[in-house]
Amino acid sequence: MEYWQSIYANFDVVALEFFGFKIHWYGIMYVLALLISLGIAKYFVKKDKINISNAMLDSYFIWVEIGVILGARLGYILIYDANTLWYLTNPWQIFNPFYNGEFIGIRGMSYHGAVVGFLIATFVFCKKYKQNMWKYLDLVAISVPLGYVFGRIGNFLNQELFGKVTQVPWGIYVDGVLRHPSQLYEAFLEGIIIFVILYFLRKVKKYDGELIVYYTMLYAAARFICEIFREPDFDIGYIILGLSMGQILSIFMFLLGFILSFYLKNIKKNL
(Lines give C-alpha, C1' and ligand atoms only; values in the text may rest on other atoms or scores of the structure.)
Protein backbone atom coordinates (compact mmCIF):
# COMPACT_ATOMS: atom_id res chain seq x y z
CA MET A 1 0.00 0.00 0.00
CA GLU A 2 2.93 2.32 0.72
CA TYR A 3 4.21 1.88 -2.84
CA TRP A 4 0.73 2.61 -4.20
CA GLN A 5 0.37 5.77 -2.14
CA SER A 6 3.74 7.01 -3.43
CA ILE A 7 3.27 5.83 -7.00
CA TYR A 8 3.62 9.34 -8.45
CA ALA A 9 7.09 9.66 -6.94
CA ASN A 10 8.15 6.51 -8.81
CA PHE A 11 6.34 7.04 -12.09
CA ASP A 12 7.32 8.99 -15.20
CA VAL A 13 4.47 10.55 -17.17
CA VAL A 14 6.60 10.09 -20.31
CA ALA A 15 6.31 6.57 -21.69
CA LEU A 16 8.79 6.85 -24.57
CA GLU A 17 11.20 9.41 -26.00
CA PHE A 18 12.67 9.51 -29.50
CA PHE A 19 15.20 12.18 -30.42
CA GLY A 20 13.73 14.58 -27.87
CA PHE A 21 10.14 13.84 -28.91
CA LYS A 22 8.24 12.66 -25.83
CA ILE A 23 5.27 10.31 -25.93
CA HIS A 24 3.22 10.58 -22.75
CA TRP A 25 1.17 7.80 -21.19
CA TYR A 26 -1.83 10.11 -21.50
CA GLY A 27 -1.48 10.16 -25.28
CA ILE A 28 -1.18 6.38 -25.42
CA MET A 29 -4.30 5.98 -23.28
CA TYR A 30 -6.18 8.43 -25.50
CA VAL A 31 -5.34 6.42 -28.62
CA LEU A 32 -6.34 3.20 -26.84
CA ALA A 33 -9.63 4.79 -25.81
CA LEU A 34 -10.41 5.65 -29.43
CA LEU A 35 -9.45 2.23 -30.81
CA ILE A 36 -11.35 0.36 -28.12
CA SER A 37 -14.48 2.47 -28.67
CA LEU A 38 -14.31 1.82 -32.40
CA GLY A 39 -13.72 -1.91 -31.85
CA ILE A 40 -16.69 -2.15 -29.47
CA ALA A 41 -18.89 -0.25 -31.93
CA LYS A 42 -18.03 -2.72 -34.70
CA TYR A 43 -18.69 -5.62 -32.34
CA PHE A 44 -22.21 -4.40 -31.50
CA VAL A 45 -22.98 -3.53 -35.13
CA LYS A 46 -22.32 -7.18 -35.97
CA LYS A 47 -23.81 -8.71 -32.81
CA ASP A 48 -27.02 -6.67 -32.85
CA LYS A 49 -27.27 -6.64 -36.67
CA ILE A 50 -27.29 -2.83 -36.90
CA ASN A 51 -27.58 -1.58 -40.47
CA ILE A 52 -24.32 0.43 -40.60
CA SER A 53 -21.49 -0.53 -42.95
CA ASN A 54 -17.86 -0.75 -41.80
CA ALA A 55 -16.82 1.99 -44.21
CA MET A 56 -19.55 4.33 -42.96
CA LEU A 57 -18.66 3.59 -39.32
CA ASP A 58 -14.96 4.28 -39.92
CA SER A 59 -15.82 7.57 -41.63
CA TYR A 60 -18.16 8.52 -38.79
CA PHE A 61 -15.50 7.93 -36.14
CA ILE A 62 -13.07 10.19 -38.00
CA TRP A 63 -15.67 12.96 -38.02
CA VAL A 64 -16.46 12.39 -34.36
CA GLU A 65 -12.81 12.38 -33.32
CA ILE A 66 -12.23 15.74 -34.99
CA GLY A 67 -15.36 17.12 -33.32
CA VAL A 68 -14.33 15.76 -29.91
CA ILE A 69 -10.81 17.20 -30.07
CA LEU A 70 -12.02 20.62 -31.20
CA GLY A 71 -14.86 20.69 -28.69
CA ALA A 72 -12.78 19.41 -25.77
CA ARG A 73 -10.00 21.93 -26.32
CA LEU A 74 -12.25 24.92 -27.00
CA GLY A 75 -14.53 23.93 -24.13
CA TYR A 76 -11.60 23.86 -21.71
CA ILE A 77 -10.38 27.26 -22.83
CA LEU A 78 -13.84 28.86 -22.64
CA ILE A 79 -14.92 27.25 -19.36
CA TYR A 80 -11.88 26.42 -17.26
CA ASP A 81 -8.73 28.16 -18.50
CA ALA A 82 -7.65 31.36 -16.72
CA ASN A 83 -6.18 32.69 -19.99
CA THR A 84 -9.36 32.59 -22.07
CA LEU A 85 -8.99 36.12 -23.44
CA TRP A 86 -5.35 35.52 -24.37
CA TYR A 87 -6.27 32.42 -26.37
CA LEU A 88 -9.16 34.20 -28.08
CA THR A 89 -6.82 36.98 -29.20
CA ASN A 90 -4.09 34.44 -30.13
CA PRO A 91 -6.17 31.57 -31.59
CA TRP A 92 -3.16 29.95 -33.28
CA GLN A 93 -1.91 29.06 -29.78
CA ILE A 94 -4.96 26.92 -28.95
CA PHE A 95 -3.43 23.79 -30.48
CA ASN A 96 0.22 24.75 -30.16
CA PRO A 97 1.99 21.74 -28.54
CA PHE A 98 5.23 23.68 -27.93
CA TYR A 99 6.17 25.97 -25.05
CA ASN A 100 9.44 27.92 -25.20
CA GLY A 101 10.60 25.61 -27.97
CA GLU A 102 9.88 22.43 -25.98
CA PHE A 103 7.24 19.89 -27.01
CA ILE A 104 4.77 19.54 -24.11
CA GLY A 105 1.69 18.34 -25.95
CA ILE A 106 -1.78 19.88 -25.77
CA ARG A 107 -2.92 20.22 -22.17
CA GLY A 108 -6.41 20.99 -20.98
CA MET A 109 -9.49 19.20 -22.33
CA SER A 110 -13.13 19.53 -21.24
CA TYR A 111 -15.45 16.52 -21.33
CA HIS A 112 -18.55 18.70 -21.64
CA GLY A 113 -16.90 20.64 -24.48
CA ALA A 114 -16.10 17.31 -26.14
CA VAL A 115 -19.79 16.36 -25.94
CA VAL A 116 -20.80 19.53 -27.78
CA GLY A 117 -18.16 18.91 -30.47
CA PHE A 118 -19.27 15.29 -30.77
CA LEU A 119 -22.94 16.25 -31.20
CA ILE A 120 -22.17 18.85 -33.86
CA ALA A 121 -19.97 16.39 -35.77
CA THR A 122 -22.66 13.70 -35.56
CA PHE A 123 -25.41 16.05 -36.76
CA VAL A 124 -23.38 17.30 -39.74
CA PHE A 125 -22.20 13.78 -40.66
CA CYS A 126 -25.71 12.30 -40.60
CA LYS A 127 -27.10 15.22 -42.60
CA LYS A 128 -24.38 14.90 -45.21
CA TYR A 129 -24.68 11.12 -45.63
CA LYS A 130 -28.45 10.91 -44.92
CA GLN A 131 -28.05 8.60 -41.91
CA ASN A 132 -30.31 7.98 -38.90
CA MET A 133 -28.63 10.18 -36.27
CA TRP A 134 -30.33 8.48 -33.30
CA LYS A 135 -29.15 5.06 -34.41
CA TYR A 136 -25.54 6.32 -34.45
CA LEU A 137 -25.95 8.04 -31.09
CA ASP A 138 -27.24 4.82 -29.51
CA LEU A 139 -24.23 2.97 -30.88
CA VAL A 140 -21.92 5.60 -29.40
CA ALA A 141 -23.68 5.30 -26.03
CA ILE A 142 -22.76 1.62 -25.73
CA SER A 143 -19.31 2.00 -27.34
CA VAL A 144 -17.81 4.96 -25.48
CA PRO A 145 -17.91 3.98 -21.77
CA LEU A 146 -15.14 1.34 -21.83
CA GLY A 147 -12.97 3.60 -23.99
CA TYR A 148 -13.63 6.35 -21.46
CA VAL A 149 -12.05 4.15 -18.78
CA PHE A 150 -8.70 4.47 -20.54
CA GLY A 151 -9.14 8.23 -20.83
CA ARG A 152 -9.49 8.55 -17.05
CA ILE A 153 -6.58 6.18 -16.48
CA GLY A 154 -4.65 8.53 -18.75
CA ASN A 155 -5.58 11.44 -16.45
CA PHE A 156 -4.32 9.40 -13.50
CA LEU A 157 -1.03 8.52 -15.17
CA ASN A 158 -0.59 12.11 -16.33
CA GLN A 159 -0.92 13.22 -12.69
CA GLU A 160 -3.80 15.64 -13.24
CA LEU A 161 -7.38 16.21 -12.06
CA PHE A 162 -6.46 15.31 -8.49
CA GLY A 163 -8.92 14.27 -5.81
CA LYS A 164 -9.57 16.01 -2.53
CA VAL A 165 -7.43 15.56 0.57
CA THR A 166 -8.27 12.31 2.34
CA GLN A 167 -7.13 9.77 4.92
CA VAL A 168 -8.34 6.65 3.10
CA PRO A 169 -5.60 3.99 2.85
CA TRP A 170 -5.83 3.85 -0.96
CA GLY A 171 -5.16 7.58 -1.34
CA ILE A 172 -2.29 8.89 -3.49
CA TYR A 173 0.36 11.33 -2.32
CA VAL A 174 0.45 14.49 -4.43
CA ASP A 175 3.19 16.91 -3.37
CA GLY A 176 3.24 15.30 0.06
CA VAL A 177 -0.55 15.45 0.53
CA LEU A 178 -2.71 12.31 0.50
CA ARG A 179 -5.58 12.65 -1.99
CA HIS A 180 -8.43 10.57 -3.42
CA PRO A 181 -7.50 8.89 -6.75
CA SER A 182 -10.67 10.45 -8.13
CA GLN A 183 -9.64 9.77 -11.73
CA LEU A 184 -9.96 6.05 -11.02
CA TYR A 185 -13.31 6.55 -9.32
CA GLU A 186 -14.46 8.19 -12.53
CA ALA A 187 -13.02 5.38 -14.67
CA PHE A 188 -15.04 2.86 -12.66
CA LEU A 189 -18.31 4.73 -12.15
CA GLU A 190 -18.52 6.72 -15.40
CA GLY A 191 -17.00 3.97 -17.51
CA ILE A 192 -17.40 0.38 -16.32
CA ILE A 193 -20.66 0.75 -14.38
CA ILE A 194 -22.38 2.73 -17.14
CA PHE A 195 -21.26 0.19 -19.76
CA VAL A 196 -22.70 -2.72 -17.75
CA ILE A 197 -26.03 -0.92 -17.31
CA LEU A 198 -26.31 0.03 -20.99
CA TYR A 199 -25.26 -3.45 -22.08
CA PHE A 200 -28.46 -4.84 -20.58
CA LEU A 201 -30.67 -1.83 -21.39
CA ARG A 202 -29.88 -2.13 -25.10
CA LYS A 203 -31.79 -5.43 -25.15
CA VAL A 204 -35.03 -3.74 -24.11
CA LYS A 205 -34.72 -0.41 -25.94
CA LYS A 206 -38.00 0.69 -27.52
CA TYR A 207 -36.90 3.46 -29.89
CA ASP A 208 -33.79 4.92 -31.55
CA GLY A 209 -32.16 7.45 -29.25
CA GLU A 210 -33.14 5.72 -26.02
CA LEU A 211 -29.61 4.54 -25.19
CA ILE A 212 -28.04 7.98 -25.68
CA VAL A 213 -30.70 9.40 -23.35
CA TYR A 214 -29.80 6.82 -20.71
CA TYR A 215 -26.09 7.47 -21.23
CA THR A 216 -26.53 11.23 -20.89
CA MET A 217 -28.42 10.94 -17.63
CA LEU A 218 -26.25 8.15 -16.19
CA TYR A 219 -23.03 9.99 -17.00
CA ALA A 220 -24.35 13.23 -15.51
CA ALA A 221 -25.30 11.46 -12.27
CA ALA A 222 -22.00 9.56 -12.08
CA ARG A 223 -19.94 12.68 -12.78
CA PHE A 224 -21.86 14.64 -10.14
CA ILE A 225 -21.02 11.96 -7.57
CA CYS A 226 -17.36 11.72 -8.58
CA GLU A 227 -16.98 15.50 -8.31
CA ILE A 228 -17.61 15.12 -4.56
CA PHE A 229 -14.19 13.46 -4.31
CA ARG A 230 -12.44 15.59 -6.95
CA GLU A 231 -10.62 18.83 -6.24
CA PRO A 232 -12.38 21.70 -8.06
CA ASP A 233 -10.36 23.58 -10.64
CA PHE A 234 -7.98 25.84 -8.75
CA ASP A 235 -8.74 28.87 -10.91
CA ILE A 236 -12.51 28.45 -10.48
CA GLY A 237 -13.24 26.70 -7.18
CA TYR A 238 -16.88 26.28 -6.18
CA ILE A 239 -19.42 28.32 -8.15
CA ILE A 240 -22.66 28.37 -6.15
CA LEU A 241 -24.22 26.36 -3.29
CA GLY A 242 -20.93 24.52 -2.88
CA LEU A 243 -21.14 23.08 -6.40
CA SER A 244 -18.17 22.79 -8.75
CA MET A 245 -18.31 23.71 -12.42
CA GLY A 246 -18.36 20.00 -13.29
CA GLN A 247 -21.40 19.44 -11.06
CA ILE A 248 -23.27 22.42 -12.49
CA LEU A 249 -22.63 21.25 -16.05
CA SER A 250 -23.70 17.74 -15.05
CA ILE A 251 -27.02 19.08 -13.75
CA PHE A 252 -27.66 20.75 -17.10
CA MET A 253 -26.59 17.57 -18.87
CA PHE A 254 -29.04 15.49 -16.81
CA LEU A 255 -31.87 17.92 -17.56
CA LEU A 256 -31.00 17.80 -21.25
CA GLY A 257 -31.28 14.00 -21.20
CA PHE A 258 -34.59 14.22 -19.34
CA ILE A 259 -36.04 16.67 -21.90
CA LEU A 260 -34.67 14.61 -24.78
CA SER A 261 -36.41 11.49 -23.48
CA PHE A 262 -39.80 13.26 -23.65
CA TYR A 263 -39.03 14.57 -27.13
CA LEU A 264 -38.12 11.14 -28.50
CA LYS A 265 -41.07 9.40 -26.81
CA ASN A 266 -43.40 12.00 -28.33
CA ILE A 267 -41.95 11.37 -31.80
CA LYS A 268 -42.47 7.62 -31.36
CA LYS A 269 -46.11 8.13 -30.35
CA ASN A 270 -46.77 10.25 -33.43
CA LEU A 271 -45.33 7.74 -35.87
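Leu-161 lies in the loop between H6 and strand E5 (172-174). Helices (H or I, at least four residues) and strands (E, at least two) are DSSP runs, numbered from the N terminus. This is a predicted model: local features need pLDDT of at least 70, side-chain atom pairs count only at pLDDT 80 or more, and totals for chains, interfaces and linings use all residues. Residues are numbered from 1 along each chain as its sequence is written, and side-chain values use heavy atoms, with hydrogens and water left out.

The phi of Leu-161 is near 55°, a positive value in a residue other than glycine. Leu-161 counts as partly exposed because its relative accessibility is 28%. Buried means under 20% relative accessible area, exposed over 50%, and partly exposed in between (1.4 Å probe, protein chains only). Asp-175 also is not a glycine, and its phi is positive, about 55°. Asp-175 sits in the loop between E5 and E6. With a relative accessible area of 79%, Asp-175 is exposed.

## Helix pair H2 and H3

Helix H2 (residues 25-47) packs against H3 at an angle of about 145°. Their axes are 11 Å apart. Axes are lines fitted to C-alpha atoms, for helices over the stretch in contact, and angles run from 0 to 180 degrees between N-to-C directions. The crossing of H2 and H3 is right-handed. A crossing is left-handed if the near helix is turned anticlockwise from the far one by less than a right angle, and right-handed if clockwise.

On the H2 side, the residues in contact are Tyr-30, Leu-34, Ser-37, Leu-38, Ala-41, Lys-42 and Val-45. They meet Asn-54, Leu-57, Asp-58, Phe-61, Glu-65, Val-68 and Ile-69 in H3. Contact means heavy atoms within 4.5 Å.

## The loop at Ile-50

Ile-50 is placed in the loop between H2 and H3. At 23% relative accessibility, Ile-50 counts as partly exposed. Leaving aside residues up to four places away in sequence, Ile-50 touches Phe-44, Val-45, Lys-135 and Leu-139. Val-45 is also one of the H2 residues that meet H3. Ile-50 and Phe-11 are 39 residues apart in sequence. In space, their C-alpha atoms are 43 Å apart.

## Helix pair H5 and H6

The axes of helix H5 (residues 111-129) and helix H6 (residues 133-157) come within 11 Å. They cross at roughly 145°, and the crossing is right-handed.

H5 brings Tyr-111, Phe-118, Leu-119, Thr-122, Phe-123, Phe-125 and Cys-126 to the contact. H6 answers with Met-133, Tyr-136, Leu-137, Val-140 and Tyr-148.

## Salt bridges

Side chains of opposite charge can pair when their charged atoms come close. The structure holds 11 salt bridges. A salt bridge is a side-chain nitrogen of Lys or Arg within 4 Å of a carboxyl oxygen of Asp or Glu. One joins Arg-152 and Glu-190, with the closest N and O atoms 3.9 Å apart. Arg-152 lies in helix H6 and Glu-190 in helix H7 (residues 182-201), so this pair ties together parts 38 residues apart in sequence. Both Arg-152 and Glu-190 are buried.

Arg-230 and Glu-227 also meet through their side chains, at 3.6 Å from N to O. Arg-230 and Glu-227 are buried. Salt bridges that share partners join Arg-152, Glu-186, Glu-190, Arg-223, Glu-227 and Arg-230 into one network.

Glu-231 pairs with Arg-179, and their closest N and O atoms are 2.8 Å apart. Glu-231 lies in the loop between helix H8 (210-226) and strand E7 (238-240), and Arg-179 in strand E6 (residues 177-179), so the bridge ties together parts 52 residues apart in sequence. Glu-231 is partly exposed at 24% relative accessibility. Arg-179 is buried, with a relative accessible area of 14%.

## Nonpolar surface patch

Ile-62, Ile-66, Leu-70, Leu-74, Leu-78, Leu-85, Leu-88 and Phe-95 form a nonpolar patch on the surface. Together they have about 780 Å² of accessible area. Helix H3 (54-79) and helix H4 (84-89) are the elements that give two or more residues to the patch. H3 gives the most, with 5 residues. Leu-88 lies in helix H4 and counts as exposed at 51% relative accessibility.

Patches are made of residues with over 30% relative accessible area and no salt bridge; like charges are joined within 9 Å, nonpolar side chains (Val, Leu, Ile, Met, Phe, Trp, Tyr) within 5 Å. Accessible areas come from the Shrake-Rupley method with a 1.4 Å probe, and for residues only the protein chains shown count as cover.
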